[in-house]
Amino acid sequence: APMHEAIVGKNPRAAIRRAAPALAVEGSQADSRSDKHIATLHPRVRPYARALIPAAAAQGIIIKVISGTRSYAEQAELYRRYKAGGPLAAPPGRSNHNFGIAFDIGVFTGSTDPEKARTYLPESSAYDTVGALAGSIGLSWGGNWKSKKDKPHFELRPAWAKELSDSAMVRRLAQRKVQGVDPFV
């Protein structure tokens, strides 16, 4: 995308490697909306969500975490809306949001202060830049999915799932949840 190249250049991975910060410490502050959603994530995922915010800001992009862990009931409602023509959503138990390893972001404008940036951009080339940044810190990005791309979606895949398909991973995560096993063990 021309806008993406304008932001990060023709070799975004090299530019992003230079710009990517170390993971933020657990206590670092995000905007209040992001903090609320980050708190719902698995403790291993929280530092990644926190690190993505200043990494995007360093590229001139204000992002907020707008969704974190979801209950099966919340996921069922989102899936119902999706089936009625709404935004992409998986059935309950088939979303990585149900296991605390995934979060969605929104790109916002209107101010350089994240608390005051209130204009939500559901579509923007900035999501591509944030997706590249996320890869540089170890997150998987829904914009890289082969079908039904989900550019606001980010997740931390457990090491044991590295070679699994997304559907196989989510089935194992659902089993682990029933068994009370941590997603990252």
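Okay, let's start with His42, which sits in the loop between α3 and α4; helices here are DSSP runs of H or I, at least four residues, and strands are runs of E, at least two, numbered from the N terminus. Quick caveat: this is a predicted model, so local features need pLDDT of at least 70 and side-chain atom pairs pLDDT 80 or more, while totals for chains, interfaces and linings use all residues. Residues are numbered from 1 along each chain as its sequence is written, and side-chain values use heavy atoms, with hydrogens and water left out.

So, is His42 buried or exposed? His42 is buried, at 13% relative accessible area (buried is under 20%, exposed over 50%, partly exposed in between, with a 1.4 Å probe and protein chains only). Its side chain makes a 2.8 Å polar contact with that of Asp182. By polar contact I mean N or O atoms within 3.5 Å, one able to donate a hydrogen and the other to accept it; sequence neighbours count only if both atoms are side-chain atoms. Leaving out residues up to four places away in sequence, His42 also touches Gly100, Pro183 and Phe184, among others (contact being heavy atoms within 4.5 Å).
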